[in-house]
Amino acid sequence: MAAAAGLSTSVAALGQPSATAPLPVSGPESLRAHAEAVGLQAGCAVVPQLLDLNVDPSSGSQIGSQDPYTRTVVDQASILVAENAMKWSSLRPTPSTFDFSQSDKLFEFASKCGQLVRGHNLCWHEQLPSWFAATANKDNARDLLTQHIEAVAGHYAGRVHSWDVVNEAVQVSDGRADGLRNSPWLELIGPEYIELAFATAAKADPHAKLTYNDYDIELDTPEQTAKRAQVLLLIRRLHARGVPIHALGIQSHLQATGPLPGAGELNLIREAAKMGLEVYITELDVNTHALAGGPDAQDAAVAAVYKSYLGLVLPEPNVKAVLTWGITDAHTWLNQTRQPWTQRADGARQRPLPFDDQYQPTPAFYAMRKALDSARQPIIPVDITAGPKEAKDPYAPFAVPGSPGVATPPPLAPPKE
């Protein structure tokens, strides 16, 4: 297995301290702090029902809530996304009503804790409400989609960092020349549903960064190479037609066994940059269902994937955020989904995330933190009392690479074919 090369890597090389000398992982040693130090956002998917609003972020890492889930989310994440609470089935119990109770809780929590929020998602072929199949038809589908986006994006207008406007619209195996998935939206509206969704979202929330989000576009396998090519063609079409798209979301549900992402994804990120698009790693985790061995083997393999993957993508200047799909193994979807592709032969729980079932940092945490540290030059405070030679803008609090007195790193070499 390609990831197995990481099994022989020492924990020190992954950025993890020895078991006898644990290092702090909160406050200034958190993922949040290390990401912010290099101009990145680090975050996670959350379940709003599990969040305790009784928090006191003003006291630093000492949080009013004693709930470990809440403490970990506050301390580690600068950006949050709802795992399920902002999907159609959660927000829209009937064709004419909306339920914002759980998503409102997420926004209240994030506001209290100084965190950004990603919106996920406005248009997807899955997790549609039970009434949808019997209600939606070719006569009303455009109105249903438009009204939903206007209501939801409008409700949170000005408070969302970025919206996953359209999610998973490409499926090469469906056999269409344009690569689009034969989804209910395609069947009822046609390919123009994608442009409709983006245009409606832009009007409803002109401040959010509008994102196309998809999975299985990371590897250089034939299947993922073909899908990645169709995703690139899709975002190029949208960009060329003046559709308001600002970012590409790469989900990054990776495997502990098999090949790792490489030149193909790097090229996708750089092609997005040519269109002025940001890139977000939106749903990172590592599936260990096919990996032999106990917890230590899982931890080593997962950390090796985090190290390799984040070391590949984070140095790219247009990659602005990395979110894991959950923060703790206690609530990962991989331990809740009863499918063959999530079940381990030994019956053990998976360990795909930076914190384990007991909210202790896993080797993946240290690998992620070290990758963040290595991704960019640190943001260096500027002496704002200095003359114009030291800082052209005396009101700018930070200097970034390329600013006066700050070295600019050499350009990255192009990926090897």
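## A covered helix, a central strand pairing and a pocket

Helix α12 is mostly covered, with 10 of its 13 residues buried, in a model that is predicted. The helix spans residues 363-375 and reaches 18 Å from its first C-alpha to its last, which is close to the 18 Å expected at 1.5 Å a residue. Among the buried residues of α12 are P363, F365, Y366, M368, R369 and L372, and the buried residues of this helix pack against α1 (31-37), α2 (68-76), α11 (295-313) and β9 (319-324).

Strand β4, residues 162-167, is also mostly covered, since six of its six residues are buried. Strand β4 pairs in the parallel sense with β3 and runs parallel to β5, and the table sets out these two pairings.

| Partner of β4 | Residues of partner | Bridges | Facing residues |
|---|---|---|---|
| β3 | 116-123 | four | H120 opposite D164 in β4 |
| β5 | 209-214 | five | W163 opposite L210 in β5 |

In a regular strand, the side chains alternate between the two faces of the sheet.

The largest pocket has a volume of about 600 Å³. Its lining is made up of 23 residues, of which E168, Q251, H253, W333 and W341 lie nearest the centre of the pocket. The elements that contribute two or more residues to this lining are β7 (253-255) and β8 (278-287). By residue type, the lining of the largest pocket divides into seven nonpolar, nine polar and seven charged residues.

Conventions: Residues numbered from 1 in each chain as written. Predicted model: local features only at pLDDT ≥ 70, side-chain atom pairs only at ≥ 80, totals over all residues. Heavy atoms only, no water. 1 Å grid on protein atoms, 1.4 Å probe; cavity = no way out; pocket = protein on both sides within 12 Å on 5 of 7 lines; lining within 4 Å. Points joined across faces, edges and corners; volume = space filled by probe spheres on them. Nonpolar A, V, L, I, M, F, W, Y, C, P; charged D, E, K, R; others polar. Buried < 20%, exposed > 50% of the residue type's maximum accessible area, 1.4 Å probe, protein only. Pairing = 2+ DSSP bridges. Expected span 1.5 Å × (residues − 1). Contact = heavy atoms within 4.5 Å.
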